[in-house]
Amino acid sequence: MTQLSTETLPFDATTTEAVHLRAGGVSLVVDIAHGAMPSIVHWGSDLGPLSDLELRELIVATAPRRDNSVDVPVRVGVVPEASSGWLGAPGLQGHRSDGTAWSPKFSETEHEVQGATLISRGHDDQAGLDLAVELELTASGLLRARADVVNAGESEYFVDRLVVTFPVAPVASEILDQTGRWSKERIPQRRDITVGTHLRESRRGRTGADAATVLIAGERGFSFQNGEVWGLHVGWSGNHVSYVERHNNGLTLLGGGELLLPGEVALGAGEQYSTPWVYGAHGIGLDEQAQRFHSYLRSRKQHPSSVRPVTLNVWEAVYFDHRLDTLLELAQRASDVGIERYVLDDGWFRHRRRDNAGLGDWFVDEDVWPDGLAPLVDRVRELGMQFGLWFEPEMVNLDSDLARAHPDWILQTGGRLPPEARTQQVLNVAIPEAYEYLLDRISRLVDEYSIDYIKWDHNRDLIEPGAAQRGGAAGTHEQTHAVYQLLRELKRRHPDLEIESCSSGGARVDLGILEVTDRVWASDCIDPLERQQIQRWTAQLLPPELVGCHISGPRSHTTSRTHDLSFRATTALFGHFGVEWNIAEASERERAELAEWILLHKRFRHLIHTGRVVRPDVPDDEVTVSGVIAADGSEALFDIAMLGRPASWPPSAVRLPGLDPTRQYRVMAVGPDAPTAADGATPAWQRPDGIVLSGRVLGRVGIQIPPLKPEHAALAHLVAV
């Protein structure tokens, strides 16, 4: 038996029957006996150190029992095999042109432990295939897995599907995942787990506004603070699949991987296909589960470590109307209120006076910018701000010099173009010449203007994504890898360059794209009422510093709702803060208040961008509460938002969980619009001196919700005393 925490221990694959990985309050027990590929025995709460005898007894106690299907117990691996008697979905599906190798049986296994990672390899001589499975338990208790298949035969092998699966405990009886649409992403949805498969597929060529994001199975009634939950996320920005499968014997699996289109992966002799990383997160309550993702992301070497600059994006201020005097005035106003990064959005390049021409022509438009971008960029830098620029490199308008010169660079099938979307087609970045063109044009502009930041957009699904250069076979797999490589190379050439992933807003939010970018745009909708939900559920995967959250103008571009600046600012505070508003047209009073909110964000952004996210359970759907608590428990900031009109009035108390129960905290209102005097309707914590309560009392009793008007919010600041 082998047990590991985060240290490497001696490992003898010839005598070991199980590997026990422990980290971050999670145990992973893997059965590697019987010459078979790995099978997970336990994934969940930490079991503590187990003796070899206890591990053996655990394996015996959880061993599958015979049913009415085959005469041997059916052992389900991380990559389930039909050859074991498993009648659910197989992990590997494929075949050779003569119809063989369609049901492999991997034996001759080898197992290796490297730190907190188990790597298992198996071979099927008859099928001519090698399979490797990698399981890693990160320091935060997040499980990562991926699989590789190698064609060890002579003839071509077509991979139709390769997924990894994680079993969940029988106590799981409900599913929670997400759906959505453009400008209304991350909508939670629940259903019961029943025998059969709850299947989520994205065939959009990108993650999708309707993506499951984290597919969760849990105890009935689980919430942010309570109930055991298991979740799966596919870290891939192309077509993907995730599912919950319950067999009639009660076994429940979470599974996921890339969704491969016909003919997309054909392996020649010696060639390999690798799945993307698939992530598993266990927790007691959704907050603990989310924290595993957040801690893992914050531990990465490439995770943004500098202060997240307050950003102005000029899209909703000027749209395509690029006038130097207007943009210079915006730069001055931005500097005056404390903005630190200025981003010029769509409309700066050749032929781009409207949204149906010019994509692909990545040259500064000489008619609009006769002196190039230098007059604007130089002034932005004189004012002490960074400069950012918008691109949409993966797309092309047919009305462009690029499309006219290279129509064969467009993803297409059978000699026909797919339907247009937003009058756009998709550039096949996997074509070396197209790749080099994009790399050269973007790099030249980054060098010429010392660009600090790119907003990288992607505004359409990939419909019929054929790769014409190789006979029309589907090209989403190659396209996604090529985009990743392009982003990596840009970062290699320009180490200080930051890149945002935007895709019709929040349609490419996943851990694959975040390996090569620095933040995501959660939604094109910055109406704060919508953003309260979008940001709350984006937090199931991402910490606040990776999520762009901007203040809109008084009237929302996407919904036409109007909101006070206080609600817009309070909502945007809990992320990578910015502004998307023509502040040159704002009143002096509005700009003065905006400057106060920016100062407030700068005061708290270290806490927001390093603290632990907490989303208290609130019984009334018209009230939502979220916050961050410092890692050492010394400070916290909570947003209490009134989304609508509650059925009961006045509103009751809300618990603030996650604080140190042994410490006393002073609770006070903060913000430019915080109450300054006591009255009969003002909760005690909003009065000038606030209140002092223990973390235990705040977690079990809480504080009173203010009598807010609908679509208004209040901030509570807690400091240990």
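Author: Thr138 has a relative accessibility of 7% and so counts as buried, where buried means under 20% relative accessible area, exposed means over 50% and partly exposed lies in between, computed with a 1.4 Å probe on protein chains only. The model is predicted, so local features need pLDDT of at least 70 and side-chain atom pairs count only at pLDDT 80 or more, while totals for chains, interfaces and linings use all residues. Residues are numbered from 1 along each chain as its sequence is written, and side-chain values use heavy atoms, with hydrogens and water left out.

Thr138 sits in the loop between S8 and S9; helices (H or I, at least four residues) and strands (E, at least two) are DSSP runs numbered from the N terminus. Apart from neighbours within four places in sequence, Thr138 is in contact with Ala23, Arg144 and Tyr296, contact meaning heavy atoms within 4.5 Å. Ala139 belongs to the loop between strand S8 (129–137) and strand S9 (143–151), and with 64% relative accessibility Ala139 counts as exposed. With neighbours within four places again set aside, Ala139 is in contact with Ala23 and Gly24. From C-alpha to C-alpha, Ala139 and Ser523 are 31 Å apart in space and 384 residues apart in sequence.

Two other loops hold backbone features of note. Most residues other than glycine have a negative phi, and most peptide bonds are trans. Arg422, in the loop between helix H6 (401–405) and strand S25 (425–426), has a positive phi near 55 degrees, and at 48% relative accessibility Arg422 counts as partly exposed. Thr423 lies in the loop between H6 and S25, where phi of Thr423 is near 55 degrees and the relative accessible area of 31% makes Thr423 partly exposed.

Helix H7 (residues 432–449) and helix H8 (residues 476–493) cross at roughly 30 degrees, and their axes come within 11 Å; axes are lines fitted to C-alpha atoms, for helices over the stretch in contact, and angles run from 0 to 180 degrees between N-to-C directions. H7 is therefore roughly parallel to H8, on a scale where angles under 35 degrees count as roughly parallel, over 145 as roughly antiparallel, 65 to 115 as roughly perpendicular and the rest as oblique. The contact involves Tyr435, Leu438, Leu439, Ile442 and Ser443 of H7, together with Ala482, Gln485, Leu486, Glu489, Leu490 and Arg493 of H8. These residues of the contact of H7 with H8 divide into seven nonpolar, two polar and two charged, with Ala, Val, Leu, Ile, Met, Phe, Trp, Tyr, Cys and Pro counted as nonpolar, Asp, Glu, Lys and Arg as charged, and the others, Gly among them, as polar.

Finally, the structure holds zero disulfides, a disulfide being a pair of cysteine sulfur atoms within 2.5 Å. Cys502 is too far for a bond, because its sulfur is 13 Å from the closest cysteine sulfur, in Cys525, and Cys502 counts as buried at 1% relative accessibility.
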